[in-house]
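Please look over the structure below before reading on. The report starts with a single side chain and then moves out to the chain as a whole.

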Amino acid sequence: MRTKSLKKNKINVITLGCSKNVYDSEVLMGQLRASGKDVTHEAPEAEEGNIIVINTCGFIDNAKAESVNMILEYADKKERGLVDKVFVTGCLSERYRPDLEKEIPNVDQFFGTTELPQLLKALGADYKHELLGERLTTTPKNYAYLKISEGCDRPCSFCAIPLMRGKNVSQTIEKLVKEAEGLAKNGVKELILIAQDLTYYGLDLYKKRNLGELLEALVKVEGIEWIRLHYAFPTGFPMDVLEIMKREPKICNYIDIPLQHISDSILKSMRRGTTQAKTTKLLKDFREAVPGMAIRTTLIVGYPGETQEDFNILKDFVQEMKFDRMGCFAYSHEENTHAYLLEDDVPDTVKQERANEIMELQSQISWDLNQEKVGQVFKCIIDRKEGGHFVGRTEFDSPDVDNEVLIDASKHYVKTGEFVMIKIIEATEFDLYGEPV
């Protein structure tokens, strides 16, 4: 039986999926706070409030399942009178709204990825244009994501993002600089540039790839010490960015460039617009232009038609390239994508075995690369204290996905949110252990 909640209206925002969703949740929360709303992010159950907003992910099967389970959990809480209202937004909602409305009628309302004003209205708040770029950040105070564009114009066969996020729309350099200045005033020292495709930045606004010009403007923002690049597409990469990275100490010698595969037949079917030869040359050019840069990539195994030979080509490439960081995913057969027309013919067990094999290979590469760091001193940002350690990162590591530097808190004190010079004394596959110097 439903009991009327006596709680004051408090809105709890729950974020699932990628850093782009984190950014969207932060914008939503900034708008709610500006309208005088009591808002929190992923609060513990005792403090979670009576109005729930779930920002969903609809990218691949696992992410969709996590989002659906979260919606069902809160629909059930609403049924039991533990919360009053449940709203759902984000990519899953954009992609499957009619099905979700039919299957989970207990949700008050579903919203797409471009319906922020409507969502705010449903929450009793006004959309304030003058707040452009202002957010309630949810990351540790020292870093923040800066979303430089939305959507994607690439035709990749396996990807549903254009269905959920639309075509590429870049933000102006002026707006992004203003946003960066606001973040810096609030203590942010590291900007992590994100987009579905950084490589494409500016083509719609400036009729040219303009990531370099944006970086030149952002390095002038006082208080920002690190600028990190995430999700650059390999085809058409603006090479002037490498010159700026080498010249400007604020730009981390780091790039996240998802390659997905390397076998020519798979790349062609994936509609990636490149070849093994072109990709290998690009990576060699990266390393020549910026010696010592860390390259992160992501790969997909088990794509339709991937033979053992294709997989062996990929393994050999991983062994040869020795990526500093890597993620590997089993292919997910997504409806309404171009690849959905193909037969999903690699068994799930084989997909998983291949993913495990790639990650085992990468684990050994990572171990070898990390051993080379022992005895060296790195500038590290300290993100947090966890258990018996302070946890930091070098410029070669992004939050949540890369290596961390662990400092024994029983022996050393370092201040969270600050940069510290750390000497590496020990290393495992994915962690470094260090002490301040």
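In this predicted model, Arg272 is buried but takes part in no salt bridge. The nearest side chain of opposite charge is Asp197, at 8.2 Å. A salt bridge needs a side-chain nitrogen of Lys or Arg within 4 Å of a carboxyl oxygen of Asp or Glu. Arg272 sits in the loop between helix 10 (264–270) and helix 11 (276–289). Apart from its neighbours within four places in sequence, Arg272 is in contact with Cys156, Phe158, Phe233, Pro234, Thr235, Pro258, Leu259, Gln260 and Leu267.

Elsewhere, the structure holds 28 salt bridges. The table lists some of them.

| Pair | N to O distance |
|---|---|
| Arg97 and Glu115 | 2.7 Å |
| Glu179 and Lys175 | 3.1 Å |
| Arg384 and Glu404 | 3.1 Å |

The salt bridge of Arg384 with Glu404 runs between strand 14 (residues 377–386) and strand 16 (residues 404–408), so it ties together parts that are 20 residues apart in sequence. Arg384 counts as partly exposed because its relative accessibility is 26%. A network of salt bridges with shared partners joins Lys64, Arg95, Glu334 and Glu335.

Arg97 and Glu115 also meet in a salt bridge. This pair links distant parts of the chain, 18 residues apart: Arg97 belongs to helix 3 (residues 91–103), and Glu115 to the loop between strand 5 (109–110) and helix 4 (116–122). With a relative accessible area of 21%, Arg97 is partly exposed.

Glu179 and Lys175, in contrast, both lie in helix 6 (residues 173–185), four residues apart, or about one turn of the helix. Are these two residues buried or exposed? Glu179 is buried, with a relative accessible area of 3%, and Lys175 counts as buried at 16%.

Thr15, in strand 1 (residues 10–15), is another buried residue, with a relative accessible area of 12%. Thr15 and Cys57 are 42 residues apart along the chain, and their C-alpha atoms are separated by 8.6 Å. Beyond its neighbours within four places in sequence, Thr15 is in contact with Asn21, Val22, Ser25, His41, Glu42 and Asn55.

Now the whole chain. It has 13 helices and 18 strands. Its radius of gyration is 22 Å, which agrees with the value near 22 Å for a compact globule of 437 residues. Buried residues make up 54% of the chain. Of the contacts with a separation of 6 or more, 74% are between residues 24 or more positions apart. The chain carries 57 positive and 71 negative side chains, and the centres of the two sets are 5 Å apart.

Note on methods: Residues numbered from 1 in each chain as written. Predicted model: local features only at pLDDT ≥ 70, side-chain atom pairs only at ≥ 80, totals over all residues. Heavy atoms only, no water. Helix = DSSP H or I, 4+ residues; strand = E, 2+ residues; numbered from the N terminus. Rg over C-alpha atoms; globule rule 2.2 N^0.38 Å. Buried < 20%, exposed > 50% of the residue type's maximum accessible area, 1.4 Å probe, protein only. Contact = heavy atoms within 4.5 Å. Lys, Arg positive; Asp, Glu negative; His and termini not counted. Charge placed at Lys NZ, Arg CZ, Asp CG, Glu CD.
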